[in-house]
Amino acid sequence: MASPSSGTAIIAIADGAPPSKPNPVNALGAPVRQYLYQKLQNAFKDPNIKSIILIGRHDAKGVFSAGADIKEFSGSSGGNVTTSDSGVPTLNDLAHLMESSPKPIVAALTGACLGGGMELALAAQYRVADSTLKYGLPEVKIGLIPGAGGTQRLPRLCGVRHALDVIIRGRINCSAKEGLKCNFLDGLASDGEYVLECALRWAGWASVLPASTLDARRLCYKSVPADVEGMSNDDMCDFALQSIPTAEKGGESAQACLKAIRASFELPSFKDGVEAEKNLFNDLLYHSLQGRAYRHIFFAERSASSSTSSKKVSNALKQGRGIIGVIGAGTMGRGIAISFLRAGYGPVTLVDVNEKGLEAGVKYIISTLEGEAKKGRIHPSKLDSTKSSLKSSTDLSELADCDCIVEAVFENLNIKREIFSKLNTICKKPTALLLSNTSTLDVDAIASSLSPSRRAYCAGMHFFSPAHIMKLVEVIRGKDTSPETLNIICGVSKRIRKVPVVVGNCDGFVGNRMLHPYSSESTLLLAEFGGGEKGLTVADVDGAIGNKYFGMAAGPFLIFDIAGNDIGYNIRREKGLVRDPKTGKVGPNRKAGMRYTELADEMVVNLGRVGQKAQKGWYNYDMTIGKGRKPLPSSEMQELIDKYSMTSPNRGKKIDRDEIVSRVLFPLVNEGFKILEEGIASNPSDVDIIYLYGYGFPAFKGKPETWISFNMLPNLMLDIHSGGPMFWADNYVGLPNILKKLEDLHRLYPGSEYFKPSDLLRKCVDVGLGVQEYYNTKGMKSKL
Ligand code: 3H9
């Protein structure tokens, strides 16, 4: 589009580009690049055009551009991203075209201006924005580096410090104010001014300047400032290196980012720097499994959140409005209430029959909200109103007007049923959502205490502890839960900044069900290989599974101690597996031949080793050391392991870390397959999301402390994921290897049903596909 009065061509990103459904965030896919290239060339040729404005498409939620189309990075089409062999210009081609423009180009920035979008903005001669701008280069978070000149132009424009901060941390939140301060922006639209008006003003000025001034605006001709506040670029990069995870620990892309930034000031020319950047980018794109894992997670997170019915529902709760009730002022209830309050819902009424518990809950919530405001997570001006939205009561009938109630009381079916049957009469709104934060109980059994018309509005909403911090919510669909209800719960979950995954109703749902073989086998390993002088220890197993080797956030035994070993014991008792301490009889479901050890039962029943809360569990804890959380070896537990391993033929035998990992994690993956087979989860990527966000499946983090001492980059917290258990099985281990190992183990231990390979695993191996590929290519339909 040209503005005849000013002689300015206004080119909107993605405008006119096929396909009919344009990308919602102006991603720069092949048709868009082709379109922009063509439009720019036309504008260059047109003698009536004196200047050009590049702006986001008006219907793209005010977004300039979220960067390259990430979908192009998977599969064979990845080949077109950095080479124009196919005839489609690359983002680099586009950036070069813009930078060498004979007419000034003004990038008019609003909303997200990320990745390749920001790289195009850097290639323009001028950048203006309005206050909605959030710019950044998040490529590192999808396992890449900026690949369209971003690592070369940003240091030239804003210096190495800002480049390190934006690129290595993969920021997406740099504000317009910050952009002005660090020289990224030339101008800001004044209050009430539309960014296009501002851009037109700049375009008008720029078009009357002498042609020679254009060269001064081309970043390719500039050199990188030699230092920032007296610190050399080299020193800054050395400093940054200390806080980046090693390549093996998931830092491949962060390391590559640093190399590319170094290239900007070490190599003789801009062209050499761009070439270095391209090589690093391609190396990651085509060879890095870590990068594929990141991109898998990017899309898995989004598809999990939308995996409910096709029916879209508009509802006030989804918009962040509604009266909320939370029942139970314990750890979970408090975290849930904080999540709703922080997202602006209100009033939020916390109910607990125990007055003291309620008081403590309210105190905790208020002090957490105050802490969040100090950290900038709640705007200080909203703190008072947020706090006053919290109400509390010991009387359930205070919840009569609620639109949504989350019950988070003790995990006992009878108590929960009793509460739901009271809510049935108390709640005035017939469509109020009645949700249970159960982690294992039957959602249908809970719903059956409601009248039939209310059951469509009842579901499980399983938060993870601490509920105001953990991102995951398992949304459990009962047999009567309506698709609309699921859709609203997913919307609400996103509002309160969670990632919802819809799952089916079964014992333990997805996460805890997969944990069962993992927990059992960890304990059985001790009973088999432990004991004697050199036998396997609790710390050996945690060392293999935890972040010293495999990389789980913590090993199984430390997690049991944190969660409470009594909880595991109670679950086994409910399942009819434990020996009755009074009669000495084993539970009815402990069948003959079943592989079982009473090690974990005896430590609770006879030794009271319930975990950190008692300062003794699998480990000892001492309140004077590490606030009572540091695991210390326990001779009492060593003796107990000695006792239970006495009859094992493998007692004291060496077992290496890889063997531990496969014995503990392959059955967890196998359970994931069974869950998919039964339709309890609708996609392998949903299982991955649950394990990444709920159970700390290997994720490595950068070290923020170094940046803080550097006093320039506030913190670097890179979450680097392995992709989740199903992705790990497909891509790191290979399904044939998992199948073979499970078959061997099942032959060896027929009494452990969890080693029996699932049919779906066999099917995938038979057809030679990974499970994700199997789902994608076979078009498996969700049963949820
Ligand atoms: C890059 O630029 C490489 C270059 O340096 C070099 C190349 C040679 N592509 O998150 P939302 C979709 S790498 C394709 O729910 P929000 C997303 O899947 C790129 N699709 O919204 C979803 O689709 P659906 C670097 C994308 O408002 C929909 O848009 N850029 C892309 O919460 C809405 O997304 C990034 O890494 C994309 N780039 O957040 C930015 N981005 O509706 C990644 C989004 O079908 N994007 N979609 O599920 C983001 O961080 C967020 O999406 C954003 C909006 C902040 C933009």
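Student: Is D272 buried, partly exposed or exposed?
Tutor: The classes rest on C-beta atoms placed from the backbone: a residue is buried if 20 or more other C-beta atoms lie within 10 Å of its own, exposed if 12 or fewer, and partly exposed in between. D272 sits in helix α10 (residues 270–287), where helices (H or I, at least four residues) and strands (E, at least two) are DSSP runs, numbered from the N terminus. Because D272 has 14 C-beta neighbours inside 10 Å, its class is partly exposed.

Student: What kind of model is this, and how are residues numbered?
Tutor: This is a predicted model, in which local features need pLDDT of at least 70, side-chain atom pairs count only at pLDDT 80 or more, and totals for chains, interfaces and linings use all residues. Residues are numbered from 1 along each chain as its sequence is written.

Student: How far apart in space are D272 and Q152?
Tutor: In sequence, D272 and Q152 are separated by 120 residues. In space, C-alpha to C-alpha, the distance between D272 and Q152 is 9.7 Å.

Student: What share of the contacts with a separation of 6 or more comes from residues 24 or more positions apart?
Tutor: Two residues are in contact if their C-beta atoms, placed from the backbone, lie within 7 Å. Among contacts in the protein chain with a separation of 6 or more, the share from residues 24 or more positions apart is 72%.

Student: Which elements give two or more residues to the shell around the ligand?
Tutor: The ligand is surrounded by 29 residues, the closest being G67, A68, G115, G116 and G147; a residue is near a molecule if its C-beta atom, placed from the backbone, lies within 6 Å of it. The elements that give two or more residues to this shell are β5 (112–114) and α3.

Student: How many residues of helix α3 are buried?
Tutor: Helix α3 covers residues 116–123 and is mostly covered. Its buried residues are G116, G117, M118, E119, L120, A121, L122 and A123. The count of buried residues in α3 is 8 of 8.

Student: Which element gives the most to the side of domain 2 that touches domain 3?
Tutor: An automatic or database domain assignment sets the bounds, and it divides the chain into domain 1 (2–210 + 217–287), domain 2 (318–503) and domain 3 (511–778). The contact takes 10 residues from domain 2 and 10 residues from domain 3. On the side of domain 2, two or more residues come from β18 (472–476) and from β19 (499–503). The element that gives the most, with 3 residues, is β19.

Student: What does UniProt place at residues 508–621?
Tutor: Over residues 508–621 the chain is 46% helix and 0% strand, and the end C-alpha atoms are 29 Å apart. UniProt positions are given in the numbering used here, feature names are shortened, and annotations may be inferred rather than shown by experiment. The feature that UniProt places there, from an unreviewed entry, is "domain: 3-hydroxyacyl-CoA dehydrogenase C-terminal".

Student: Is N26 buried or exposed?
Tutor: N26 has a positive phi of about 55° although it is not a glycine. N26 lies in the loop between β2 (8–12) and α1 (30–45). Because N26 has 30 C-beta neighbours inside 10 Å, it counts as buried.
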